[in-house]
Amino acid sequence: MNEEGSNKQSKGGIARKEALTKEQRSDIAKRAAESRWGGKKTPKPKHIGTLKILDKEIPCAVLEIDGQVKRLIVQREVVGLITGNKKGGLDRYLAARNLQEFVPKKFKGKSLDQATILVDMGGRKAQTYEGEDIVDIVGMYLDARKHERITKEKVLLPSQEHLADQAEIIVKSLAKVGIAGLIDEATGYQYVREKDALQAYLEKVIKKEIAAWVQMFPDEFFQQIHRLHKWPWSGPGKSPSVVGKYINDLVYSRLGPRILEELRKVNPKNEKGNRSSKHHQWLTEDVGHPMLAQHLYSLITLMRGYDKWGEFYKFANRIYPKYDEKQMDLFLPS
């Protein structure tokens with residue numbers, strides 16, 4: 001067929017598709033998905049359960065078919081997990097032009113029906129992804145972000161940045177749970193642990209990963225430091241490097257005995273003098289985070305009452321003495 005004929009056929013197909021109702025398109029999609037099983041009856045997994053990820057309940061199943069074991073997750077819930085929106089499939093996310101270099105091979109140039117497996121979940125048909133597909137799909141965003149760091153070329157659009165953040169949370173969490181599962185299998189503990197033990201661990205780890213992205217230091221904390229120093233304020237993340245020393249001095253050395261010392265041990269600097277994470281990410285959610293929040297807001301309230309850094313710092317030393325006696329007063333008023 002020549003190119004002109006091909007274009008006419010393509011345009012005709014588009015026109016027919018646009019003429020169909022939503023119900024008709026849905027019916028055609030279902031029949032197309034079913035045809036991938038050679039006209040067989042939609043398979044029904046014998047093992048069905050619910051996986052809890054990021055406080056979301058995601059139906060999952062294990063399907064044994066043609067001698068293969070497939071671990072499946074309902075695609076609609078996967079979309080919600082990654083994007084926050086359950087409507088539609090991942091087609092439009094996988095079709096983003098700027099990410100084509102990073103789209104997994106399994107999904108390149110394929111429709112939702114071609115990339116998913118249709119199964120009978122408790123009497124209702126559902127399109128599902130294989131469990132490993134989640135890692136490959138979110139890996140697309142992580143690969144794009146890695147490419148940015150290496151080449152210094154911007155790839156992700158502003159609207160995709162939060163998807164990359166979410167992807168990192170998911171991958172870190174699943175990796176940690178995977179290690180726990182492997183150790184349990186190697187030691188035989190999987191046969192004696194409680195049914196929900198691994199799931200509980202998953203929830204615990206994910207909540208810890210989510211906490212890593214929470215902004216613990218209010219913008220006003222930095223605004224007040226700028227004001228007291230008569231520095232111009234141009235927005236979050238644009239403070240002089242010395243502010244990091246102020247945080248160690250005013251915050252972590254005054255939270256409790258040896259807290260700053262321990263944080264430096266678990267969160268050391270690399271060969272370039274940078275830390276892989278923020279100190280607050282190592283504080284526990286139930287005790288450390290509330291302590292930090294209370295102390296920060298107390299400092300902010302105190303800062304509001306002064307016009308000069310030296311006066312504020314002198315009073316802060318009186319009412320919030322340092323627990324670490326080795327910590328020097330680096331910022332006494334001149």
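In which helix is the place of Thr83? Thr83 has its place in helix H3, where helices (H or I, at least four residues) and strands (E, at least two) are DSSP runs numbered from the N terminus. The model is predicted, so local features need pLDDT of at least 70 and side-chain atom pairs count only at pLDDT 80 or more, while totals for chains, interfaces and linings use all residues. Residues are numbered from 1 along each chain as its sequence is written, and side-chain values use heavy atoms, with hydrogens and water left out.

**Surroundings of Thr83**

- At 14% relative accessibility, Thr83 counts as buried, a term that means under 20% relative accessible area, with exposed over 50% and partly exposed in between (1.4 Å probe, protein chains only).
- The side chain of Thr83 reaches the backbone oxygen of Val79 at 2.6 Å, a polar contact being a pair of N or O atoms within 3.5 Å; within protein, one must be able to donate a hydrogen and the other to accept it, and residues adjacent in sequence count only if both atoms are side-chain atoms.
- Not counting residues up to four places away in sequence, Thr83 touches Leu90, Tyr93, His162 and Leu163, where contact means heavy atoms within 4.5 Å.

- E3 and E5 run antiparallel and are joined by 3 bridges, and the bridge partner of Leu72 in E5 is Glu130.

**Strands E4 and E5**

- E4 and strand E5 (residues 124-130) run antiparallel and are joined by 5 bridges; Leu118 stands opposite Gln127 in E5, Asp120 has Lys125 as its bridge partner there, and Met121 stands opposite Arg124.
- The two strands form a hairpin with 2 residues between them, and Gly122 in the turn has a positive phi of about 60 degrees.
- Because 5 of the 5 residues of E4 are buried, E4 is largely enclosed by the rest of the structure; Ile117, Val119 and Met121 point one way from the strand, and Leu118 and Asp120 the other way.
- E5 is likewise largely enclosed by the rest of the structure, because 5 of its 7 residues are buried.

**Nonpolar cores**

- The largest nonpolar core has 30 residues, and those with the most contacts inside it are Val78, Leu90, Leu99, Phe107, Tyr129, Met140 and Tyr141; such a core is a set of buried Ala, Val, Leu, Ile, Met, Phe, Trp, Tyr and Cys residues joined through side-chain atoms within 4.5 Å.
- Helix H3 (75-83), helix H4 (91-94), helix H5 (112-115), H6 and helix H7 (161-187) each supply at least two residues of this core, and its largest share, 6 residues, comes from H6.
- Leaving aside neighbours within four places in sequence, Met140 is in contact with Tyr93, Leu94, Leu99, Phe102, Val103 and Pro104.
- A second, separate core of 27 residues includes Phe221, Tyr252, Leu283 and Ile300.

**Aromatic pairs**

- The count comes to 9 aromatic pairs under the rule that rings of Phe, Tyr and Trp (its six-membered ring) pair if their centres lie within 6.5 Å, with planes under 30 degrees apart counted as stacked, over 60 as edge-to-face and the rest as tilted.
- Trp309 and Tyr313 form a stacked pair, at 6.2 Å centre to centre and with 25 degrees between the planes; both lie in helix H13 (residues 309-319), 4 residues apart, about one turn of the helix.
- Trp309 counts as buried at 9% relative accessibility, and Tyr313 is buried with a relative accessible area of 0%.
- Phe217, Phe221, Phe222 and Tyr252 are linked into a cluster by ring pairs.

Note on methods. Pairing = 2+ DSSP bridges.
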